[in-house]
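Subject: Structure for you to look at

Dear colleague,

Here is the structure I said I would pass on. My notes on it follow below.

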Amino acid sequence: MLHCGARIGVPVSGGNTVSEVVPVAEIAPVRWQPDRSRKVPAWPVPRVWQAMLRGAAGKCPACGETRLFRAFLKVNAKCAKCDAPLGLARADDAPPYFTILLVGHIIVPLMMVVERVWTPDLWVHTALWVPLSLIMTIGLLGPIKGMTVGVMTAMGMLTEAGPG
Ligand SMILES: [Zn+2]
C-alpha cells in the first residue's frame, strides 16, 4: 500500500485490468480507537495510602472530612462534602476475604503456640479463640472495608461501569 493512495486493479472491457490510484480513505475502513482521554472526576482523588488511611478511619477517602459509613458496613451513597459517589464502590467480597486472611494468620499461630507451650484442655481453646476470632473479625471488617473503598476511590473505580 502506498503512503497516500493505493493501486488497485480496475477491470476494463476484455478482462484486463488497469492500475488506478485510489485515495486510502476510500479503501481502508475507519479503525476504531479507544477513548484515551483522561477523565478528571469532580471530587478530589487522593493517593492510595492516604485514601486507605482515611477509609480505615471511617472517613470519606476522597476528602477525609465526612463519614464513610451510614451504618456498620453500609457506605454512604455520596459524600456530603465533596460529592464523591462512594456508593458506587463495589467492594463485594474483598473486605471479608482480607479480614479472614488477617484474622486467620493471627489466631492460628497463637493457637498453635498456646497448644505447644501449655497444652490446655479443648474447652480452654474454645473459650479463648472463638470469642477472640469474633471480636477481631467484627472489629476489623469496618476498617478493612473502608480501606478497600479507599483504594477504589484512589484508583478511579467510582463509576457505574466499574474500573476502566
Ligand atoms: Zn468527601
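Helices here are DSSP runs of H or I with at least four residues, numbered from the N terminus. In those terms, Thr-119 sits in the loop between α3 and α4, the latter covering 122–154. Please keep in mind that this is a predicted model.

Thr-119 comes directly into view when one follows the chain out of α3. That helix is followed by Thr-119, which has a positive phi, near 45°. Most residues other than glycine have a negative phi. Thr-119 counts as exposed because 8 other C-beta atoms lie within 10 Å of its own, and the limit for exposed is 12 or fewer.

A positive phi also turns up at Asp-83, where the value is near 65°. Asp-83 belongs to the loop that runs between α2 (48–56) and α3 (94–118). Asp-83 has 14 C-beta neighbours inside 10 Å, so it is classed as partly exposed.

On the helices: α3 is made of 25 residues and spans 36 Å from its first C-alpha to its last, close to the 36 Å expected at 1.5 Å a residue. α3 packs with α4 at an angle of about 145°, and the two axes are 8 Å apart. The crossing of α3 past α4 is right-handed. On the α3 side the contact includes Phe-98, Leu-102, Ile-106 and Met-111, and on the α4 side it includes Trp-129, Leu-132, Met-136, Leu-140 and Ile-144. Sorted by class, this contact has 14 nonpolar, five polar and one charged residues.

The largest nonpolar core has 13 residues, and those touching the most other members are Cys-60, Cys-79, Ala-84, Leu-86, Ala-89 and Val-149. Leaving aside residues up to four places away in sequence, Ala-84 touches Trp-43, Cys-60, Ala-62, Cys-79, Thr-153 and Leu-158. There is also a second, separate core of five residues, among them Ala-51, Met-52, Met-147 and Ala-154.

Last, Met-155. This residue is found in the segment after α4. Met-155 has 12 other C-beta atoms within 10 Å and is therefore exposed, since the class takes in 12 or fewer. Its C-alpha atom is separated by 7.4 Å from that of Val-48, although Met-155 and Val-48 are 107 residues apart along the chain.

Regards

Terms used:
Residues numbered from 1 in each chain as written. Predicted model: local features only at pLDDT ≥ 70, side-chain atom pairs only at ≥ 80, totals over all residues. Core = buried A, V, L, I, M, F, W, Y, C linked by C-beta atoms within 7 Å. Buried ≥ 20, exposed ≤ 12 C-beta atoms within 10 Å, placed from the backbone. Contact = placed C-beta atoms within 7 Å. Helix = DSSP H or I, 4+ residues; strand = E, 2+ residues; numbered from the N terminus. Expected span 1.5 Å × (residues − 1). Axes fitted to C-alpha atoms, helices over the stretch in contact; angles between N-to-C directions. Left-handed = near helix turned anticlockwise from the far one by under 90°. Nonpolar A, V, L, I, M, F, W, Y, C, P; charged D, E, K, R; others polar.
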